[in-house]
There are 2 protein chains.
Amino acid sequence: MDTQPQGQLMIIGGAEETTGECRILREFVRRSGGIKARIVVITAASSIPVEVGYEYVEIFERLGAAQVQAIDTRSQEDGNTLELLRIVAQATGIFFTGGDQARIIRSIKDTILEDALHKRYGEGAVIAGTSAGAAVMPDTMIIEGDSDTNPRMDAVAMGPGLGFLPGVVIDQHFAQRGRLGRLLSAMLQKPKVLGFGIDENTAIIVNGDRVEVMGEGAVTVVDESGITYNNLDRVLQDEPVAVYGVKLHILPDGHWFDLAIRQPMGEVVGSRE
Amino acid sequence: MDTQPQGQLMIIGGAEETTGECRILREFVRRSGGIKARIVVITAASSIPVEVGYEYVEIFERLGAAQVQAIDTRSQEDGNTLELLRIVAQATGIFFTGGDQARIIRSIKDTILEDALHKRYGEGAVIAGTSAGAAVMPDTMIIEGDSDTNPRMDAVAMGPGLGFLPGVVIDQHFAQRGRLGRLLSAMLQKPKVLGFGIDENTAIIVNGDRVEVMGEGAVTVVDESGITYNNLDRVLQDEPVAVYGVKLHILPDGHWFDLAIRQPMGEVVGSRE
């Protein structure tokens with residue numbers, strides 16, 4: 001599909017507030033249609049899908065969604081049942097829980113369910129994911145990797161994601177786990193010009209080219225469009241890689257980033273020189 | 001003193017190898033005069049100065065320095081004894097151990113010993129420090145702060161350093177403790193255009209304007225010369241700060257940075273676009 005999707009993405013860095021105000025989850029319900037929202041919770045990432053599904057159903061019902069259902073796909077067969085496709089076809093908001101991103105890919109990638117999710121996104125549904133559910137949003141995702149490391153070729157394992165936000169790399173729990181080196185490692189291994197490092201209890205909302213930040217922490221945008229790096233054929237996999245000229249923007253709540261012109265925006269007034 | 005110091009600095013990110021090859025400590029001895037080196041170990045940072053002093057004396061003797069002495073200054077009075085000043089006046093290499101950087105400042109800042117150290121640096125001695133001993137090298141240092149955080153005004157406490165490398169901010173254990181947010185927080189609080197984040201078992205060697213990297217990890221150079229940031233008067237101290245346009249260079253062993261032209265250098269061949 002080459003037409004611009006009508007839907008929005010909410011990509012959450014994990015550990016979002018699930019009691020009290022629930023600012024991020026509240027915004028998800030609001031954008032999914034508010035009191036008319038029909039929400040589907042996909043627990044595929046979780047090793048305790050029933051418990052996690054129950055928790056999110058309870059939250060979204062408390063926040064006033066008209067209808068909330070958890071779907072528990074544990075294999076590709078589960079993703080191809082007619083009942084499930086019918087539920088997704090009516091959803092206005094789809095929420096991927098946390099857990100292990102590889103599980104999501106294993107049970108959903110290349111299924112009719114995946115097509116149905118993309119179709120709903122194209123038609124205007126909100127697709128949200130937290131932690132592992134955030135990781136699967138790009139076309140290439142970080143499967144696993146080291147935190148608190150300098151950039152190295154062997155620091156991360158990469159694989160295909162669900163492709164809702166192609167052309168970028170996403171990492172979650174970003175500041176809390178010191179993941180700049182991990183994100184840069186991912187961007188070296190599968191070159192992408194933009195990386196988004198999303199802090200806990202923080203989200204980006206993607207609406208066309210506009211990427212808005214909301215929540216408690218910040219989003220670190222890594223722009224490698226101007227970088228040079230050393231001859232990767234000569235660097236062994238456990239050796240640190242030289243990278244010159246990475247550009248970083250650190251965007252808290254209320255700031256946004258324009259994907260088309262690759263510039264951050266918001267109320268910024270000072271400059272260093 | 002406005003004349004360029006004749007000496008060199010070796011600023012080590014902590015956890016340098018102390019058995020086997022000891023590449024960084026070996027280079028310190030070599031640059032301090034090799035088999036003619038007269039080395040002084042300053043244990044002021046440590047809560048167990050006798051043990052730490054003994055350990056480094058043993059290492060530098062094993063590496064063949066002609067003379068090695070540990071000096072154990074626990075108060076400003078200790079830093080003003082004639083015997084100690086005589087030892088420093090003859091040193092060709094001075095090594096600050098790790099521990100707590102505030103202890104170094106408490107016992108050495110504004111003493112005759114501090115003047116004597118600067119005099120030796122001016123005359124050609126090598127001044128080295130690891131971890132806390134690295135932190136004290138700039139004129140403004142990070143006393144303590146949070147790792148694994150986004151940039152916030154309250155993330156770090158800053159204070160005066162010993163001023164061997166003025167105009168920059170230094171952080172150590174950098175990738176290992178995920179300290180990008182901490183270093184950026186320090187640079188917001190006491191604006192400096194350049195920050196150096198030094199990984200463990202990794203050092204920068206400062207020789208005039210040339211800052212060379214050696215060791216196992218990498219050095220992250222943070223250049224804020226082009227940044228804009230939000231109105232800091234309006235940001236509460238526990239709120240994340242917006243920073244646009246930070247430039248980063250990640251430099252492993254064999255790469256260097258030129259302080260005069262603010263450019264990294266080394267064998268770099270690829271570019272992203």
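Q: Which residues does Leu165(A) touch, not counting residues up to four places away in sequence?
A: Contact means heavy atoms within 4.5 Å. Leu165(A) touches Leu9(A), Ile11(A), Met137(A), Pro138(A), Asp139(A), Ile170(A), Val206(A) and Leu259(A), not counting residues up to four places away in sequence. This is a predicted model: local features need pLDDT of at least 70 and side-chain atom pairs count only at pLDDT 80 or more, while totals for chains, interfaces and linings use all residues. Residues are numbered from 1 along each chain as its sequence is written, chains are lettered from A and ligands numbered from 1 in the order in which they are written, and side-chain values use heavy atoms, with hydrogens and water left out.

Q: Is Leu165(A) buried or exposed?
A: Buried means under 20% relative accessible area, exposed over 50%, partly exposed in between (1.4 Å probe, protein chains only). Leu165(A) has 7% relative accessibility, so Leu165(A) counts as buried.

Q: Where is Leu165(A) found?
A: Helices (H or I, at least four residues) and strands (E, at least two) are DSSP runs, numbered from the N terminus. Leu165(A) is found in the loop between β7 (156-160) and β8 (168-171) of chain A.

Q: How many residues of chain A are in contact with chain B?
A: The contact involves 52 residues of chain A and 52 residues of chain B.

Q: In which sense do β14(A) and strand β14 of chain B pair?
A: Two strands pair if DSSP finds at least two bridges between them. Here β14(A) and strand β14 (residues 243-252) of chain B pair in the antiparallel sense, over seven bridges. Within β14(B), Val243(B) is the bridge partner of Ile250(A).
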